[in-house]
Amino acid sequence: MVSAQSPIDLHSESNEILLNPRWPEIDYQALYRLAEESQIEKNLKGHVWIATSGSTANSISATKLVALSKQALLASARAVNLHLQSSAKDVWTQVLPHFHVGGLGIEIRAHLSGAKVVKALKDGRWDGQYFYDVLVSEGCTLSALVPTQVYDLVSHGLRAPATLRAVVVGGGAFEVDLYKKARALGWPVLPSYGMSETASQIATASLDSLNQDEFPPVGLLTHAKARQNAGGYLEVWADSLFTCYAQNTETGSRIWNPKTDDGWFTTEDKGSVVNGSLLIEGRSKDYVKIGGEATNVARLRSVLESCALHLNPHWPTQVTLLDVPSDRLGAEIHLVSLLSEADTDKVLKLYSEKVLPFEKARKIYYMNEIPRSDLGKILWAELRRKL
């Protein structure tokens with residue numbers, strides 16, 4: 001259960017590849033060959049290759065790989081340790097896979113600070129009650145979760161143990177209603193912003209924010225900078241920024257570095273920087289036009305999840321929205337639900353009262369499962385294929 005050291009050799013020039021062990025062997029080997037070819041072509045030393053956490057359009061072998069230098073990973077860990085005031089007295093509880101930057105980051109932070117890391121997965125899977133029991137039995141002080149996992153804790157009405165002093169929440173939109181419900185149960189949640197390309201978080205709410213009830217600003221950490229470009233997109237610079245991408249395509253392998261000459265990276269997120277804090281509006285792919293009216297699908301999903309949470313703490317992960325092409329309107333909104341027809345109608349009624357007419361759901365799909373990644377993110381490409 002206890003991890004004593006980083007899963008990678010942080011101080012060597014060797015290159016390492018961290019991939020999901022449950023992936024099919026054929027795709028696994030395709031990504032290994034891609035990483036090895038890229039290392040040779042770019043003369044990379046001391047790098048770790050990690051797959052981006054989003055879904056892929058075709059197969060796992062077409063997943064985009066991110067090359068992170070070990071120095072970048074260490075820079076990220078130092079900045080997070082500083083922000084959380086972490087020391088050898090801390091006990092991290094680990095439920096994020098180490099083949100994503102969220103889980104790997106915890107191991108490296110603990111390696112630097114001397115903190116203990118306690119694994120809290122039940123038979124390799126997330127279980128909210130088991131996680132809570134480990135927190136209590138091990139006296140854990142720090143953790144990192146995705147919003148879906150916070151939903152589970154709230155839905156079970158679990159109160160945070162007294163030893164826990166901070167939980168970094170990232171990997172997806174953290175809704176205000178969920179934040180407030182978690183805080184009401186004593187969970188010391190800190191909203192954050194980061195990505196695979198920055199080796200984990202580059203902005204996180206402060207520890208002082210736990211002394212107030214309002215949703216806090218997400219302030220930039222010491223190792224990162226951000227700005228808004230002319231198109232409204234966030235650009236980031238960080239000591240933890242990635243080196244390059246690699247991806248298998250139909251025409252062969254592709255290796256590229258999208259950063260500017262002075263090291264700035266343009267994200268897919270629209271947003272701004274106010275007094276050193278990030279205000280995220282949403283990803284470019286989430287903006288659609290319905291009958292000539294522009295809307296943000298991610299925002300609509302947030303409204304839906306808030307409505308579901310208001311009605312039942314178990315429901316937010318049981319519903320979601322999709323934008324679907326429409327010959328007449330250009331796009332339209334459809335609802336996917338795991339709930340009964342009666343419960344779906346309750347959520348839809350409340351949602352419809354909070355959005356504009358063109359943003360209402362025009363069709364409902366009833367399913368048995370919404371496909372999700374190891375981090376709890378919805379696999380949108382797979383969901384669309386199922387529909």
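Ser337 touches Gln318, Val319, Thr344, Tyr365, Tyr366 and Met367, leaving out residues up to four places away in sequence; a contact here means heavy atoms within 4.5 Å. This is a predicted model, so local features need pLDDT of at least 70 and side-chain atom pairs count only at pLDDT 80 or more, while totals for chains, interfaces and linings use all residues. Residues are numbered from 1 along each chain as its sequence is written, and side-chain values use heavy atoms, with hydrogens and water left out.

Back to Ser337, which sits in strand β21 (residues 330-337). Helices (H or I, at least four residues) and strands (E, at least two) are DSSP runs, numbered from the N terminus. Ser337 counts as buried because its relative accessibility is 0%; buried means under 20% relative accessible area, exposed over 50%, and partly exposed in between (1.4 Å probe, protein chains only). Between the C-alpha atoms of Ser337 and Ile364 there are 7.3 Å, with 27 residues separating the two along the chain.

With a relative accessibility of 43%, Arg362 counts as partly exposed. Setting aside neighbours within four places in sequence, Arg362 is in contact with Leu329, Glu332, Ile333 and His334. Leu207 is another matter: 155 residues away from Arg362 along the chain, with 43 Å between the two C-alpha atoms.

Now for the whole protein. Its secondary structure comes to 9 helices and 22 strands. The radius of gyration is 21 Å, close to the 21 Å that the globule rule gives for 387 residues, so the protein is as compact as a globular protein of that length. That radius is taken over C-alpha atoms, and the rule is 2.2 Å times the number of residues to the power 0.38. Along the principal axes, the C-alpha trace spans about 55 × 55 × 45 Å. Of the 387 residues, 56% are buried. As for contacts between residues at least 6 apart in sequence, 64% join residues at least 24 apart.

The accessible surface of the protein comes to about 17,500 Å², and carbon and sulfur atoms hold 48% of that. Such areas come from the Shrake-Rupley method with a 1.4 Å probe, and for residues only the protein chains shown count as cover. On the charge side, there are 40 positive and 43 negative side chains, and the centres of the two sets lie 2 Å apart. Lys and Arg count as positive and Asp and Glu as negative, with His and the chain ends not counted; the place of a charge is taken as NZ of Lys, CZ of Arg, CG of Asp or CD of Glu.

Two helices are worth a look. The expected span is 1.5 Å times one less than the number of residues in the helix. Buried in α1 are Asp27, Tyr28, Ala30, Leu31, Leu34, Ala35, Ser38 and Gln39. An α-helix has 3.6 residues a turn, so residues three or four places apart point the same way. The buried residues of α1 pack against β2 (16-18), β3 (47-51), β4 (65-69), β14 (244-249) and β15 (252-256).

Helix α7 (residues 297-311) reaches 21 Å from its first C-alpha to its last over 15 residues, close to the 21 Å expected. This helix is mostly covered, with 11 of its 15 residues buried. Among them are Val297, Leu300, Arg301 and Cys307.

Next come some backbone angles. Most residues other than glycine have a negative phi. Asn43, which follows α1, has a positive phi, near 55°. Asp123 also has a positive phi, of about 55°, although it is not a glycine. Asp123 is found in the loop between β6 (116-119) and α4 (128-138), and at 76% relative accessibility Asp123 counts as exposed. For Asn275, not a glycine either, the positive phi is about 50°. Asn275 lies in the loop between β16 (265-274) and β17 (277-283) and, at 78% relative accessibility, counts as exposed.

One more loop residue is Ala160, placed between α5 (147-155) and β8 (166-169). Ala160 is buried, with a relative accessible area of 19%. Leaving aside neighbours within four places in sequence, Ala160 is in contact with Leu185, Gly186, Trp187 and Pro188. From Ala160 to Leu135 the C-alpha distance is 8.7 Å, and the two are 25 residues apart in sequence.
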